[in-house]
Every structure is written in C-alpha cells, then in structure tokens.
2 protein chains.
Amino acid sequence: MAEPASPRRLPTTRQGAAVLAALRSSGTFRSAQDIHAELRAGGAPVGLATVYRHLQLLAEHGVIDTLQAADGQTVYRHCRSDDHHHHIVCRRCGTSEEIEGPEVERWAESAARRLGYTDITHTVEIFGLCATCSAAGGH
Amino acid sequence: MAEPASPRRLPTTRQGAAVLAALRSSGTFRSAQDIHAELRAGGAPVGLATVYRHLQLLAEHGVIDTLQAADGQTVYRHCRSDDHHHHIVCRRCGTSEEIEGPEVERWAESAARRLGYTDITHTVEIFGLCATCSAAGGH
DNA sequence: CTCAGAATGATAACGATTCTCATACGCAAG
DNA sequence: CTTGCGTATGAGAATCGTTATCATTCTGAG
C-alpha cells in the first residue's frame, strides 16, 4: 500500500488514451479487432497486442464491461454507470442500453443460496432488435 | 415444412449415439474437446469434426443446451427439462443445476419492450461454488 | 447385392487471442 | 541537457478452439 493519491489509474500513454477514447465515443459493444481497425484508420496507429492489453487492463479496473458475443468474440463497452448492471443489446446493429434489475439480483442470490452455492456471480444479457432495426424490417 | 412424422430426430449412427450418451451420463457442462477425448479413451473413437457436428445438431434440435465458458470455449449439457430454463454452474468443478425463474423472464420481457426492443431472447447464468467445493475451501 | 446419398474423420484452414522479445519511450537523477 | 533504467510498444510467431474440405466408408432402399 503505497498509493496515496491514485484512486484510479487511467492510461498515461497515447495508445492507452486512444483505446479508451474509442470506446467512450461509441456507446456500443465493440470487439478488439474492431477498435484496432478504427485506430489504424484514424491515423493513430496502435498495435493489436497493445489494444488487447489495454482492454484487459480497463476491464480489470472496472472501467469497461465485457461480454461474449454469440460467435465467441469478446466485446467491450465503456459504461456510464459504475454500479452493477446489465445490458440489452441489439443483435443487428450492436447498440446497447444499460439496465438495472434489483429483483433479478435478489432472485439469483436466493436461488443460488438455496442450492448451497456460495461466492455467487451472474451474467444476464438480453438480446433483441432495437426500435430502429425492427422498424427497418429486421429479420 | 415437410416433416409429417418426425417429431425429433435422434442420431442413428454409432458416433451420434456416443456423443449424446457421453453428455447424458455426465450432467455437467462439457466442452467438445473434452467429449472427444473421453470417447477416444473409451474405445469408441470418434473424429473431432464429428463430435462438433453432432453437438451442433443436438443444440439446434433443442436436445442440449450450450453456453460460453469464461475462457470463450463453448460448453454443452444435456438437460432434463425441455422447457426454457437457466443454470447455476460451479466454477470449480463444473457441476450444474437447472433452475427456472418466471419472474426473470417477465422482467427481461418488459424491460426490453419498454425500450422498444422486439424479438427478445436472453441469457442468464449464475456462477458460484457448489456446496461441496465451498466446503473443500474453494479459493 | 447394388447404388446413391449421407456420415465420417484426417487434415488443412481460420480467426481470435496471447506470447515473445527487440526496440522506443518517459522520466527522474545527475 | 544528458544518462540510465524500467515500462510500454508492436510486429510477428505461437496457441487454441472451431469450421471447412474432401476422399473414403457406411447405410438403407429397392
């Protein structure tokens, strides 16, 4: 313990900042490859390995949320809320909203406890077609 | 739509039966590689590609459930219940139980609808340490 | 028994992620 | 301003799970 004035350690390098910025300005779940390509194209070339490194760090520090897309890819998103929450994600365009569900937390807790499980975590993700995509005739 | 007398098509080949049997006798989520190794060792050699093929088919037909493990691997399980349900999985030993949660279904539905989403699906998985593993001092 | 179509499986191909390691950089001390 | 050192970087190799290929084998109908 020798960190008196460092409540959170945001990236100090150009590359780290670029990764976080890309996520911040997007609001949707993005893959590492996706971000890498964007930074490439945007004139701020960052190595793929570095992108992965920063995403991992940011996730560990709770700055961004991660989830596994249906195809196995890991996708990342910068969230407004620091609290525990879930997402509803459009399976067409990738947009997502943060949602909370206290009753779900409670349900998960008690169901698990009833079965003798401890040290409980859970994942809850909702997928659907957002208003725009359903209107566009999303099949 | 031309399936008059085929309510469910269970595997008719030795290999298909072996894959399903392996899953049936296990009760936990297993990876494809895992099952492949078991069948190998059990004297019923089945090609890896064939294992994947059957797992995919069984999943499509709703005979088995799938989920993405934390490391990105897809894992499969044969479930008792045909109804929609969720799982609580021991992150130590892999055991799992089926659980239902009507209130969660309702919550997901209404939260999504409120935001204008349609064609809704969801994933809910709970992870923890099962009674046995917690007792064994699961760290 | 014969034949056509489906299933199989060894292997190559793939795509995402992680690892390796030589180099570039940032920064504090001198 | 220069030196020195520890950390970050990134190109490319290495992994690993999964899927595609395609020649061979099997199955079931007739």
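1. In what order do the elements of chain A run from the N terminus on? The order is α-β-α-α-β-β-β-β-α-β-α, given by five helices and six strands. Helices (H or I, at least four residues) and strands (E, at least two) are DSSP runs, numbered from the N terminus.

2. The basis of these remarks is a predicted model, in which local features need pLDDT of at least 70 and side-chain atom pairs count only at pLDDT 80 or more, while totals for chains, interfaces and linings use all residues. Residues are numbered from 1 along each chain as its sequence is written, chains are lettered from A and ligands numbered from 1 in the order in which they are written, and side-chain values use heavy atoms, with hydrogens and water left out.

3. The C-alpha trace of chain A spans about 55 × 50 × 25 Å along its principal axes. Of the 139 residues in chain A, 42% are buried; buried means under 20% relative accessible area, exposed over 50%, and partly exposed in between (1.4 Å probe, protein chains only). Among the contacts in chain A with a separation of 6 or more, 47% are between residues 24 or more positions apart, a contact being heavy atoms within 4.5 Å.

4. An open sheet of three strands in chain A has the order 1-3-2, with antiparallel pairing. Its edge strands, each pairing on one side only, are strand 1 (30–31) and strand 2 (64–68); strands pair if DSSP finds at least two bridges between them. Strand 2 of chain A is joined to strand 3 (residues 74–78) of chain A by five bridges, and A:Gln68 has A:Thr74 as its bridge partner in strand 3. Helix 1 (residues 14–24) of chain A lies across strand 1, strand 2 and strand 3, at about 80 degrees to strand 3.

5. Strand 4 and strand 6 of chain A run parallel and are joined by four bridges, with A:Ile88 opposite A:Ile126 in strand 6. Strand 6 of chain A is also joined to strand 6 of chain B, antiparallel, by nine bridges; there, the bridge partner of A:Thr118 is B:Leu129.

6. The largest nonpolar core has 30 residues, of which A:Trp107, A:Ile126, B:Trp107 and B:Ile126 touch the most other members. Such a core is a set of buried Ala, Val, Leu, Ile, Met, Phe, Trp, Tyr and Cys residues joined through side-chain atoms within 4.5 Å. In chain A and in chain B, strand 4 (86–90), helix 4 (102–114) and strand 6 (118–129) each supply at least two residues of this core. Leaving aside neighbours within four places in sequence, A:Trp107 is in contact with residues of chain B including B:Ile99, B:Val104, B:Val124 and B:Ile126.

7. In chain B, the axes of helix 1 (residues 14–24) and helix 2 (residues 32–41) come within 10 Å and cross at roughly 105 degrees. The two helices are therefore roughly perpendicular to each other (65 to 115 degrees). The contact is made by B:Ala18, B:Val19, B:Ala22 and B:Leu23 of helix 1 and B:Ile35, B:Glu38 and B:Leu39 of helix 2.

8. B:Gly16, in helix 1 of chain B, is buried at 0% relative accessibility. Its C-alpha atom is separated by 9.1 Å from that of B:Val46, 30 residues apart along the chain. B:His78, in strand 3 (residues 74–78) of chain B, is buried with a relative accessible area of 15%. Leaving aside neighbours within four places in sequence, B:His78 is in contact with B:Leu20, B:Leu23, B:Arg24, B:Val63 and B:Ile64.

Terms used: Axes fitted to C-alpha atoms, helices over the stretch in contact; angles between N-to-C directions. Parallel < 35°, antiparallel > 145°, perpendicular 65-115°, else oblique.
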